[in-house]
Amino acid sequence: MLNLLIADDDSAILEGLSQFVSSHFPDIFTIFQAENGAMALEIMRETPIHILLSDIKMPLLDGLQLIQLLKSAQYGCRILVLSGYDDYPLIRTALKTGACDYLLKPVNFSLLSKALEELTGEEPLPWPIQLTALCSEDFLASLSTPSLFQPDFYDIPTVNNPFITYDTLKSYLDKTQFHIINLDFAKTRETLNQFFRHAHPELISSKELRDILSQFVYNIMHHHSSMIRIISKYKLTDFDILSCVKNMPTLSQLQTHFLQIVLKYMEELENICREHENQSILQAIQYIQGHYSSELMLEDVAEQFHLHPNYFSRLFKLRTGVTFRDYLRNTRIEKARELLSDPSLKINQIALLVGYKDTAHFNRAFKDLTGTTPSHYRKTGKR
């Protein structure tokens, strides 16, 4: 039997991976679980682990720091890294530090199974050495406080501009919020990068920076209810934005992943808005079909669906291929053609029934669309 340690701070993922390995590799692995890097080290002090399957982002001690410690201690186990971030620097660092493979979340179980088969096929797997004082109880206790293995937060050059104040810094987030709601991806990326580039340690502490980013997230949820659903959907995953704000150990990692998450949320919001817009236009079409005999104005229909008239006009043409005015005229004339088959109805009556108070106006609209007058259309029986 081989000892497999799975380290992930998401309990659902931890259980899911454990069940998958147990069912697909019976009588091969004894499975151990750790909710963070410190717990993983503690298990490895007591039990030799042959294969480590570790998340990147974990509290106390993240996956990369854990791998670096194991390499320093020459521990000797095989390491598979899991992460929700398709980030080349992270992948390169993990592989350079000693990981055998880098698997993305959500986990592709076929790739995971293949990776485990390849590792267990290496005969014999080295027996891990016992961890030394590097992982003593004192060291494990120290992980709850800043240490050499938790790098300084401000790890990238920032602009210390005397004209940039704390309020200016917050204004970048206000602008970003506006761009997110308006689904302007380019300007969102630009203003967020401005925020991080000017977040100088003499201007704002790491705690204050995390606080205003958290408030920024709550403000977005307050101003657009769909964002509540989106943010809740990704809670306890690698795209949990509040967890990212709280746990990313350095400014560079926070900037990279915060922007990545925000852009992903915007894609979700764009899909929701498009779905809502399509539904609004379908409802508008149904409304026109049911009220074509009334005096319909574009502004009135737009108001029915809480849309600005100019936006509704553009959206209507984009979704139907014709303007609101042409669609209404086409609907009225098509209905008039049907009514002309009833000889008991006079032309002026039909005009009123399809929404034209002025018979002359009706005649012009009918001829523009069909190429003939209503009376001639009725006489010839043209359909």
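This is a predicted model: local features need pLDDT of at least 70, side-chain atom pairs count only at pLDDT 80 or more; totals for chains, interfaces and linings use all residues.
Is F316 buried or exposed? With a relative accessible area of 0%, F316 is buried.

## Surroundings of F316

F316 belongs to helix α14, which spans residues 309-320. Leaving aside residues up to four places away in sequence, F316 touches I281, I285, I288, G321, V322, T323, F324 and Y327. The C-alpha atoms of F316 and S280 lie 9.3 Å apart in space, while the two residues are 36 apart in sequence. Since buried means under 20% relative accessible area, the 0% of F316 places this residue in the buried class.

## Nonpolar cores

In soluble globular proteins, nonpolar side chains tend to be buried together. In this model the largest nonpolar core has 39 residues. Those with the most contacts inside this core are F195, L209, L213, L254 and F258. Two or more residues come from each of α7 (166-181), α8 (185-197), α9 (206-223), α10 (225-233), α11 (241-247) and α12 (251-291). The most is given by α12, with 12 residues.

F258 has contacts with L192, F196, L213, F216, V217, I241, C244 and V245, again not counting residues up to four places away in sequence.

## Packing of α9 and α12

Two packed helices are described by the angle between their axes and the distance between the axes. For α9 and α12 the angle is about 10 degrees and the axes are 13 Å apart. Angles under 35 degrees count as roughly parallel, and α9 and α12 are therefore roughly parallel to each other.

On the α9 side the contact is made by L209, L213, F216 and V217, and on the α12 side by L251, L254 and F258. By class, this contact has seven nonpolar, no polar and no charged residues.

## Packing of α2 and α3

Helix α2 covers residues 37-46 and helix α3 covers residues 63-72. They pack at an angle of about 30 degrees, with axes 9 Å apart, and are therefore roughly parallel to each other. Their crossing is right-handed.

The residues in contact are G37, A40, L41 and M44 of α2 together with L66, L69 and L70 of α3. By class, the contact of α2 with α3 has six nonpolar residues, one polar residue and no charged residues.

Key
Residues are numbered from 1 along each chain as its sequence is written. Side-chain values use heavy atoms; hydrogens and water are left out. Axes are lines fitted to C-alpha atoms, for helices over the stretch in contact, and angles run from 0 to 180 degrees between N-to-C directions. Helices (H or I, at least four residues) and strands (E, at least two) are DSSP runs, numbered from the N terminus. Angles under 35 degrees count as roughly parallel, over 145 as roughly antiparallel, 65 to 115 as roughly perpendicular and the rest as oblique. A crossing is left-handed if the near helix is turned anticlockwise from the far one by less than a right angle, and right-handed if clockwise. Contact means heavy atoms within 4.5 Å. Ala, Val, Leu, Ile, Met, Phe, Trp, Tyr, Cys and Pro count as nonpolar, Asp, Glu, Lys and Arg as charged, and the others, Gly among them, as polar. A nonpolar core is a set of buried Ala, Val, Leu, Ile, Met, Phe, Trp, Tyr and Cys residues joined through side-chain atoms within 4.5 Å. Buried means under 20% relative accessible area, exposed over 50%, partly exposed in between (1.4 Å probe, protein chains only).
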